[in-house]
Amino acid sequence: MTASLDKGISVLKEMIDAPIASYFSSCVHCGLCAEACLFYTETGDPKYTPIHKLEPLRRVYKQEYTLLGRIGKMLGLSKPVSDAELEEWKPLVYDSCTMCGRCSLVCPVGNDIVYMVRKLREGMAISGHAPEGLIGASTRAVEIGSPMGVKLPAVQAQMRHVKADTGIDIPLDAVGAEYMVLMSSMEIINFPEYLGAIAKIMKQAGKSWTLCSEAFEATNSGIQIGVSDIAKVLVQRIVDGAERLKVKTVISPECGHAYTALRWEGPNLVGQPYPFEVLHILEVLDGFRTQGLLKTQGFEEARLTFHDPCQLVRRGGVFDQPRNLLKMVAKDFVEMDDTGKMNWCCGGGGGVSAIEEAVPLRLEAFKVKKTQLEKTGAKTLVTACANCRIVIEEGMEHYKMSIPVVGVTETLAKHLVEGE
Amino acid sequence: MNDHDAPIHEKNSHEFPIHETLGDSLAQQGISRRAFLKFCTAMASLMALPPGTATAIAEALVKAKRPSVIWLSFQECTGCTESLTRSYSPTLENMIFNMISLDYHHTLQAASGYGAEKSREDAMKNFFGKYLLVVDGSIPMNNGGVYSTIAGRTNLDLLHEVAKGAAAIIAVGTCASFGGIPNAKPNPTGAVAVSDIIKDKPIINISGCPPIPAVITGVLAHYLTFGGLPELDDLGRPKSFYGETIHDRCYRRPFYDQGKFAKTFDDEGARNGWCLFELGCKGPVTHNACATTKWNGGTSFPIESGHGCLGCSEPHFWDAGSFYSALSMPASPLKYVAGAAVAGAAAGVAVSIGNRIKKGTAKSAHQKATIEDLEK
């Protein structure tokens, strides 16, 4: 079986639902979404207007589900969506959309544009118009278990490093633990400090936790490329693992889309409610804070600012938690302009960071983050998403900036009162 | 009839400086700039102008020469003036009198007799072509207009004379705008509106029985700021205030949409605050700002007090049947509408079923996607 236009169009017909019909019919073409999109503001090219990125989906909706559109199609007044058109739209639907959701937020008629991009990607992928980078990541995720090809031995190696550093044993496959901790491959490979930080914090909080040998990877390439069937396979792994270990709570790591995939899309993908709770690590840590389980000492002296990962703050509502936590350990915490739910994306969300041909555009779009950052005068940037972190690091390297980027969890762990 | 040559009050009250700017006048009255800006912002929002206009209004108003205003009261009840002088909102109506130089107004002026008429004539002479004429009340036409006279002259005569030099005419109240109650059947005096008589001047109708005070303030502020009249609807009323119906903006509208109606004034529906449509509310056909601007310093408006709208800002409201019978629906067009609605609904259902089948077919044709499906 191979990808084909017919299959793609059929999937789009399947995807178009009542929300999409109402979104397309209520769009007033005001163009406000353009100003909300970093790819438009940084390039000034109107083709990056978010609603325009949905043109193929809109045409399928019109031709298949509206009376006038059907008559037009019958009379040959409107051409059906073609392979060439989808290929032309590929850079718009993938390279220049991080699914950050800023456009959805500003739409005056309440159109959830990201929701539609997500659905359009389903048709794009099945008709063979997904970027190579994302196909590769999805293939590795399904076949190897992680989009970056990380296998269990790599995780076990990190567990040994943590043990050597901190003296703490990392529990693996501990049945009946309260928390099951997931990681993103980026954390396993690039930011091993995350695992060590979790180990220290869990120890101080006195909580039982575990990693799972079959489900350590939290990210979900299926969501990014837009293939629900693959996304479901990946979510199911985590559900199976959590059920086997009988954990109460699954902790989504410092990663944006993993949280969206697991917490918001997951139950719909597997078709039933989870027998466990899903929380982002920041929600868990802030919970510990309110229960008085976190004891810290000392402060970060340098000026800190926080980059809100889009999927956390805008699509997930996690806003106060990182601020509560950072205020425990930061003397000089400053907010960026447009902070919180109106924060600008790092430019690499929604799978964009995995698309090689999108790099020049992504670096162009990074200018907005650069401006935001420079204005704060911050000496350290804290965030809560490994993908944001790597994308921002790359962007800063390109623009010759040198501000260290760290995660919330590790920053907090650095200040834990030892030995309690 | 009149003896205007009588040498009484030869150099009378017009010694006071009517050319002063509004800024000077406000400063003299001890009105702070802050209070003034607040007023300008309120005006801008009332007139649905962009927020930035408030500053423009402020700048224009401060510099504006207070225009001379002549106010003529014809066949009326003085309710319009009562409305204007009884406002609790942030001294809006005080400000009117600071914004303009009110040179002639029966009810409010201190002078009487020849002195009063002279003051009008002076203003007409000194500001010919520049003064604003405000009219409240209708003009009787039957029998040469004898039914209403002032200083022995008919309203018709006076209107023609004063209108000649007016920059614009503001018809305040439903009587001046559309004839109002004097015009109600059988209309013994032959009462007509200002616009029925004067054809060569810009006329703005501020209808209502009485009209909302803020509306006239708004129109004056607009005139002073932009030097012209605001955009008007087909009945000559400012769109910013009369653009929508009472019904459109009524807080009881959700009950109308749900079909919840009070049937009498003391039934459960009335106590629950349901829609007063069946009790004769004329809100759906009445264009005015009562539901948003409200009355008595924003306290309430008639529907909020439990009574339907009378439709007082619309022409012939007095002759539109009982205030307490529900708005009637035209019979035969309704049948077509009903027929069309049924046909439309059927087509809608058919299209919807078709769409559902199409989506269903696409769904059942769904083959589970694997990674092999992604490569072309």
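At what angle do helix 1 of chain A and helix 5 of chain A pack, and how far apart are their axes? The angle is about 75 degrees, and the axes are 10 Å apart. Angles of 65 to 115 degrees count as roughly perpendicular, and therefore helix 1 of chain A and helix 5 of chain A are roughly perpendicular to each other. Please keep in mind that this is a predicted model. Here is a friendly tour, topic by topic.

**Chain A as a whole**

- Chain A has 23 helices and eight strands.
- It is 420 residues long, and 54% of them count as buried.
- Consider the contacts in chain A with a separation of 6 or more: 82% of them come from residues 24 or more positions apart.

**Where helix 1 meets helix 5 in chain A**

- Helix 1 of chain A covers residues 5–15, and helix 5 of chain A covers residues 55–65.
- From helix 1 of chain A come A:Ile9, A:Leu12 and A:Lys13, and they meet A:Leu57, A:Val60 and A:Glu64 in helix 5 of chain A.
- Sorted by class, the residues of this contact are four nonpolar, no polar and two charged.

**The two sides of helix 2 in chain A**

- Helix 2 of chain A spans residues 18–26, and its buried residues include A:Ile20, A:Tyr23 and A:Phe24.
- These three cover an arc of only 90 degrees around the axis, which puts them on the same side of helix 2 of chain A.
- Turn to the other side of helix 2 of chain A and you will find A:Ala18, A:Ser25 and A:Ser26, which are exposed.

**A four-stranded sheet in chain A**

- Four strands of chain A form an open sheet in the order 6-5-7-8, and their pairing is parallel.
- Strand 6 (333–334) and strand 8 (405–407) of chain A are at the edges with a single partner strand each, so one side of each has no neighbour in the sheet.
- Strand 5 of chain A is joined to strand 6 of chain A by two bridges, and A:Thr305 stands opposite A:Val334 in strand 6.
- Strand 5 of chain A also pairs with strand 7 of chain A, over four bridges in the parallel sense; here A:His307 stands opposite A:Thr383.
- Between strand 7 (residues 380–383) and strand 8 of chain A there are three bridges, and A:Val382 has A:Val406 of strand 8 as its bridge partner.
- Which way do the side chains of strand 5 of chain A point? A:Leu304 and A:Phe306 point one way, A:Thr305 and A:His307 point the other way, and all are buried.
- Helix 19 (residues 320–329) of chain A lies across strand 5 (304–307), strand 6 and strand 7 of chain A, and runs at about 160 degrees to strand 5.

**A five-stranded sheet in chain B**

- Chain B has an open sheet of five strands, with parallel pairing and the order 2-1-3-7-9.
- The edges are strand 2 (101–104) and strand 9 (203–206) of chain B; each has a single partner strand, so one side of each is left without a neighbour in the sheet.
- On average, and ignoring direction, neighbouring strands of this sheet are turned by 25 degrees against each other.
- Six bridges link strand 3 (residues 131–136) of chain B with strand 7 (residues 166–172) of chain B, and B:Val135 stands opposite B:Ala171 in strand 7.

**Helices across the chain B sheet**

- Helix 6 (residues 113–126) of chain B lies across strand 1 (68–73), strand 2 and strand 3 of chain B, at about 125 degrees to strand 2.
- Helix 7 (residues 155–164) of chain B lies across strand 1, strand 3 and strand 7 of chain B, at about 165 degrees to strand 1.
- B:Asn155, B:Leu158, B:Leu159, B:Val162 and B:Ala163 in helix 7 of chain B are buried.
- Their arc around the axis is only 120 degrees, which puts them on the same side of helix 7 of chain B.

**Where the two chains touch**

- How many residues of chain B are in contact with chain A? There are 16, and they touch 21 residues of chain A.
- The chain B side of this contact has six nonpolar, two polar and eight charged residues.

Key
Residues are numbered from 1 along each chain as its sequence is written. Chains are lettered from A and ligands numbered from 1 in the order in which they are written. This is a predicted model: local features need pLDDT of at least 70, side-chain atom pairs count only at pLDDT 80 or more; totals for chains, interfaces and linings use all residues. Two residues are in contact if their C-beta atoms, placed from the backbone, lie within 7 Å. Ala, Val, Leu, Ile, Met, Phe, Trp, Tyr, Cys and Pro count as nonpolar, Asp, Glu, Lys and Arg as charged, and the others, Gly among them, as polar. Two strands pair if DSSP finds at least two bridges between them. Axes are lines fitted to C-alpha atoms, for helices over the stretch in contact, and angles run from 0 to 180 degrees between N-to-C directions. Angles under 35 degrees count as roughly parallel, over 145 as roughly antiparallel, 65 to 115 as roughly perpendicular and the rest as oblique. A residue is buried if 20 or more other C-beta atoms lie within 10 Å of its own, exposed if 12 or fewer, and partly exposed in between; C-beta atoms are placed from the backbone. The arc is that of the directions from the helix axis to the C-beta atoms.
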